[in-house]
Amino acid sequence: MASDLEVTSNLAPLNASKLKITLTSTPKEHTPAESLKFGKTYSDHIIYATYDPVTGWSDPEIRPYGPIALDPAASGIQFCSNVFEGMKAYLGADGVPRLFRPELNMRRLERSAGRLALPPFDGDVVLQLIKRFVQVEKRWIPTLSGCSLYLRPTIMGTMPGFSVVPSDSATLVVIASPSGPYFAGEVKPVSLLAVSETVRAWPGGTGGHKVGGNYSPGFLPQKLAEKQGYSMVLWIFGEDKSVTEAGAMNFFVVLKRDDGDGLDLITPPLDGTILPGVTRNSCLALAVDPSFQEATGLKLHTHERKFTMQDILKWSNEQRLTEALCVGTAAILVSVDRIGYEGSDIHLPKCEGGLAPVGKALRSKILAIQEGREEFNGWSVSCD
């Protein structure tokens with residue numbers, strides 16, 4: 001499947017069959033899995049390809065990790081015409097490297113690139129390249145449960161110039177980082193500070209796409225939240241203070257139902273301001289799966305609908321709010337223990353072992369699928 005912009009027939013498409021592999025002559029030393037921090041260590045190689053408006057895509061390469069050349073006036077530097085994905089490779093007990101639902105990442109990468117009018121490409125070809133890349137970098141996949149080889153495909157505009165126009169050239173780079181858990185140490189709840197003075201995304205913007213410009217504006221609110229003793233920002237939007245995302249993660253709440261028939265699992269709808277997260281999608285699908293409900297003893301009803309901070313306050317006062325969850329590729333899932341709002345805290349029930357029951361069940365199942373210990377709907381995709 002190609003990205004939103006049609007591939008011009010006389011230009012070379014990205015072609016995995018033309019992949020060139022040049023292995024490093026100086027392999028790096030391994031960092032012990034127990035010492036890995038998220039995104040701080042990098043493997044030996046990268047994927048690299050470029051798009052030229054006259055000739056199309058270059059032959060892709062797997063080559064030694066190192067700096068890449070960019071013109072200082074490149075669109076990606078001057079106008080942040082950059083899109084990326086976050087994916088993970090896991091190594092099962094059978095020695096097979098696997099990716100978790102990578103086709104969803106490729107469709108999102110295509111949509112994100114199309115939104116920024118970047119040159120066209122076929123995400124399925126990018127996935128072929130990533131699978132081969134994972135095979136080459138297999139020794140870098142940690143075997144300790146909860147660790148993974150984090151993959152960061154990035155496409156950036158490289159056309160030099162100050163004219164505010166789409167970039168007609170681009171560079172594709174994929175790097176890999178053997179990583180430990182996103183939050184260092186044992187799994188523990190996070191705290192959120194509800195923020196409405198600044199916004200993460202707005203209707204008609206790019207909040208539903210994974211573009212670089214979505215993230216850096218959140219750095220200052222994050223620092224301010226940390227200064228007040230909170231782990232992350234809970235982004236709320238509009239006069240009604242609608243809940244959207246938490247930090248760079250999707251957000252869920254779990255409620256007792258009025259009729260006593262199990263629990264409601266609620267997340268904001270994909271209205272263009274919410275990133276369609278792979279973990280978000282997976283939680284919604286698992287929650288209503290009969291085999292998951294039977295194995296966990298949880299009866300869950302999923303809802304994608306708007307809710308506000310006043311709703312959260314009301315649910316908490318009624319003692320119906322049992323959990324709040326942040327989910328995303330990097331961390332998988334973490335529970336929330338308190339939410340700061342208008343000078344006071346909304347406290348969630350205490351989590352034994354750092355995770356509340358629904359969050360623990362979802363995280364355990366997703367991790368078992370990712371690590372190849374369990375099968376579910378073909379979500380774990382072999383790279384062999």
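Student: Where is Gln-319 found?
Tutor: Gln-319 is in the loop between helix H7 (309-317) and strand E16 (321-328); helices (H or I, at least four residues) and strands (E, at least two) are DSSP runs numbered from the N terminus. This is a predicted model, in which local features need pLDDT of at least 70 and side-chain atom pairs count only at pLDDT 80 or more, while totals for chains, interfaces and linings use all residues. Residues are numbered from 1 along each chain as its sequence is written, and side-chain values use heavy atoms, with hydrogens and water left out.

Student: What is the phi of Gln-319?
Tutor: Gln-319 is not a glycine, yet its phi is positive, about 60 degrees. Most residues other than glycine have a negative phi.

Student: Is Gln-319 buried or exposed?
Tutor: Gln-319 has a relative accessible area of 62%, so it is exposed. Buried means under 20% relative accessible area, exposed over 50%, and partly exposed in between (1.4 Å probe, protein chains only).

Student: And what about Cys-80, where is that found?
Tutor: Cys-80 belongs to the loop between helix H1 (75-78) and strand E5 (82-84). Its phi is also positive, about 55 degrees, although Cys-80 is not a glycine. With 31% relative accessibility, Cys-80 counts as partly exposed.

Student: Changing topic to H8: what span should its 14 residues have?
Tutor: Helix H8 (residues 357-370) should span 20 Å at 1.5 Å a residue, and its end C-alpha atoms are 20 Å apart, which agrees. The expected span is 1.5 Å times one less than the number of residues.

Student: How many residues of H8 are buried?
Tutor: Eleven of the 14 are buried, so H8 is largely enclosed by the rest of the structure. Among them are Val-358, Leu-362, Ile-366 and Ile-369. H8 is followed by Gly-372, which has a positive phi near 75 degrees.

Student: At what angle do H5 and H8 pack?
Tutor: Helix H5 (residues 278-287) and H8 pack at about 110 degrees, with their axes 11 Å apart. Axes are lines fitted to C-alpha atoms, for helices over the stretch in contact, and angles run from 0 to 180 degrees between N-to-C directions. The two helices, H5 and H8, are therefore roughly perpendicular, where angles under 35 degrees count as roughly parallel, over 145 as roughly antiparallel, 65 to 115 as roughly perpendicular and the rest as oblique.

Student: Which residues in H5 meet H8?
Tutor: Thr-279, Ser-282, Cys-283, Leu-286 and Ala-287 in H5 meet Leu-362, Lys-365, Ile-366 and Ile-369 in H8; contact means heavy atoms within 4.5 Å.

Student: How many aromatic pairs are there in the whole structure?
Tutor: A search of the whole structure finds nine. Rings of Phe, Tyr and Trp (its six-membered ring) pair if their centres lie within 6.5 Å; planes under 30 degrees apart count as stacked, over 60 as edge-to-face and the rest as tilted. Tyr-51 and Trp-57 form an edge-to-face pair, 5.4 Å centre to centre with 65 degrees between the planes. Both Tyr-51 and Trp-57 are buried.

Student: Why is the pair of Phe-100 and Trp-379 edge-to-face?
Tutor: The ring centres of Phe-100 and Trp-379 are 5.9 Å apart and the planes are at 90 degrees, so the pair is edge-to-face. Phe-100 lies in strand E7 (residues 97-100) and Trp-379 in the loop between H8 and strand E19 (380-382), so the pair ties together parts that are 279 residues apart in sequence. Phe-100 and Trp-379 are both buried.
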